[in-house]
2 protein chains.
Amino acid sequence: MAPVRNARAIMNDYPSGYPEPGKTLVYDDSQTIDLDTVPLNGRFLIKTLVLSIDPYMRGRMRSGGPSYVPPFELGKPITSGGVGVVIRSEKEGVKAGDHVLGLMGHQEYSIRSSLEGMVIIQDKHGLPWSVYLGAAGMPGFTAFVGWKKFAHSKPGDVVFVTTGGGPVGSMVIQIAKAEGLKVIASAGSEEKVAFMKSIGTDVAFNYKTTSTREILEKEGPIDIFWDNVGGEILEAALDAANVNARFIECGMISGYNSGGAPVRNLMLIVGKDITMRGFIQTRHFDEHKDEFYATIPEKLAKGEIKYTEDITHGLDKVGDVMLSVLKGTNKGKAIVHVADE
Amino acid sequence: MAPVRNARAIMNDYPSGYPEPGKTLVYDDSQTIDLDTVPLNGRFLIKTLVLSIDPYMRGRMRSGGPSYVPPFELGKPITSGGVGVVIRSEKEGVKAGDHVLGLMGHQEYSIRSSLEGMVIIQDKHGLPWSVYLGAAGMPGFTAFVGWKKFAHSKPGDVVFVTTGGGPVGSMVIQIAKAEGLKVIASAGSEEKVAFMKSIGTDVAFNYKTTSTREILEKEGPIDIFWDNVGGEILEAALDAANVNARFIECGMISGYNSGGAPVRNLMLIVGKDITMRGFIQTRHFDEHKDEFYATIPEKLAKGEIKYTEDITHGLDKVGDVMLSVLKGTNKGKAIVHVADE
């Protein structure tokens, strides 16, 4: 067979604020690959099916400095969670037709020498592969493990969840509602507010049109805060917190494009005996993955836990989707669909 | 006997920044009291011996707003921890000669109807009463209980203690050293640095002449941070923290006179899986006081735990001493000596 295009989304220029589509990440279709003859030398060839776009990726668009993830390299395809299908293999334990889940390059085809950072997955529940990047994947696990380890929930607790329309927040909402707690949740569009209401949120509001501070004053005080935002919203949550509140710090998107949003009333964690716990899901994965995969995918397939997706087609759209998740204009878990099987 | 002076230190004017001696708190000696004939009507009469001056008192010098302690009332004596001796009593269970410890008005004599907020104390160890306001009192207990509940120390941990020359910090240092941990500690004078070295601090430095950030880069990363300061020092500690670090938030004196010092790199608690725990010692007192009083006063009396005091004589000096503890120019636990027995 003749060589085919192997298009890529390349890290072209580190942004100082929001990433700029067409500049920060660029689409490159100059490479080709012959799928039948490319030498594997003991490796395996993957066709990329779906890729995840997540807010944390902004943190990798930098030239250096310490962080929990290394920077994306200039001139190379970025990477993120993805699902692919093996189309040829010379690797023992990997065969054509296997589906792999893990950190994948943003390119249509890739050759790997090992499964490091990947797993072979089987879908027992009839879920689309994209769901293994969202509710049944990293964001869903983030919600599951953060709540399990750090919420210390008790009957009567009031919970405030930010980015409640997203894959992490909406899972947190549903876990908290399953425990019978009162849930206040915010998102940035009416569509997301409607979704949050549909999954049982007691007080769902659009933070762009409604004051978070006023909502919390009326509906709080809060016992558990799920923070994906930081900055001013974290300040409002500190003001509205009960004594002994637990703040689960999952992300601080408000500061990702500005180098960090200041928090001025941290002193309240002293006066209110607040516990603030940050975490990165990967550090808790091995300990809790079995419980997650044994319970959550089945609930998703049965519709007992709901999710939303916002699927965009083509690697040429990666820059736009990246900006949308950082601006919060996406309508569900952001997925780039690269190819059908 | 003729009436005697009953001098008082009065809350005169709420400060916007640092308190101003002679304006914020004023000395008033216009009242008198006849110790022999003042009617008690079932109450008891206390002669004030020593009073404690602590940084948290700045938080009470305000007109209102939520806090964990109510404001000082304008025109009335401020209150703080103190020790007094009962000179007359009509109250059952309280007799002349009893020593009482608790929240006391800043006046030479006071009449109380109940022991609420006070305890009758006996010194079994030959310690000066003032020590029951410092190392054997509220600050010592703060260190004891904060470490016990929130340090989660393990062998090999590196600890960073701020205000290490003060009554809380110096107790934390000695507890950590007793556990064999490496201790880095800061204070604001060479005298305090010398004291910190004398109690075993591995790396003692003057934050006014040495960069905290440079010390932590060289001597860290840190696993446990005892924070009495907040603001820029907290930012430096976040930068120097290890994964899974514990931040014990005891106070944030850097913001007490400015309405709160901003913290810009809080996002690191996510990336480093940091637990930040604030607390107010009173909420943990009933649960842990017995263990504290059973162990710490004896160690202090035997010299196994060291302490320093900075004793000033006279209620007319309360305003100056208050400013000194907020500026950090005091040389040890700040005590106002009001009278001998």
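Leaving aside residues up to four places away in sequence, A:Asn228 touches A:Thr162, A:Thr163, A:Val168, A:Gly169, A:Cys250, A:Gly251, A:Met252 and A:Ile253 in this predicted model. A:Asn228 is found in the loop between strand 13 (222–227) and helix 5 (231–239) of chain A.

**Setting of A:Asn228**
- With a relative accessibility of 10%, A:Asn228 counts as buried.
- The side chain of A:Asn228 is joined to that of A:Thr163 by a polar contact of 2.7 Å.

**Relation between the chains**
- Chain A is superposed on chain B by a rotation of 180° with 0.0 Å of shift along its axis, at an RMSD of 0.0 Å.
- The two copies are thus related as by a two-fold rotation axis.
- The same surface serves both copies, since 100% of the contact residues of chain A recur in chain B.

**Salt bridges**
- Over all chains the count comes to 44 salt bridges.
- B:Arg5 forms a salt bridge with B:Glu108, the closest N and O atoms being 2.8 Å apart.
- B:Arg5 lies in strand 1 (residues 4–5) of chain B and B:Glu108 in the loop between strand 7 (99–105) and strand 8 (109–112), so the pair ties together parts that are 103 residues apart in sequence.
- B:Arg5 is partly exposed at 44% relative accessible area, whereas B:Glu108, at 13%, counts as buried.
- B:Asp286 and B:Lys289 form a salt bridge with closest N and O atoms 3.8 Å apart, and both lie in helix 7 (residues 282–302) of chain B, about one turn of the helix apart.

Note on methods
Residues are numbered from 1 along each chain as its sequence is written. Chains are lettered from A and ligands numbered from 1 in the order in which they are written. This is a predicted model: local features need pLDDT of at least 70, side-chain atom pairs count only at pLDDT 80 or more; totals for chains, interfaces and linings use all residues. Side-chain values use heavy atoms; hydrogens and water are left out. Helices (H or I, at least four residues) and strands (E, at least two) are DSSP runs, numbered from the N terminus. Buried means under 20% relative accessible area, exposed over 50%, partly exposed in between (1.4 Å probe, protein chains only). A polar contact is a pair of N or O atoms within 3.5 Å; within protein, one must be able to donate a hydrogen and the other to accept it, and residues adjacent in sequence count only if both atoms are side-chain atoms. Contact means heavy atoms within 4.5 Å. Copies are superposed by least squares on the C-alpha atoms of residues with pLDDT of at least 70 in both. A salt bridge is a side-chain nitrogen of Lys or Arg within 4 Å of a carboxyl oxygen of Asp or Glu.
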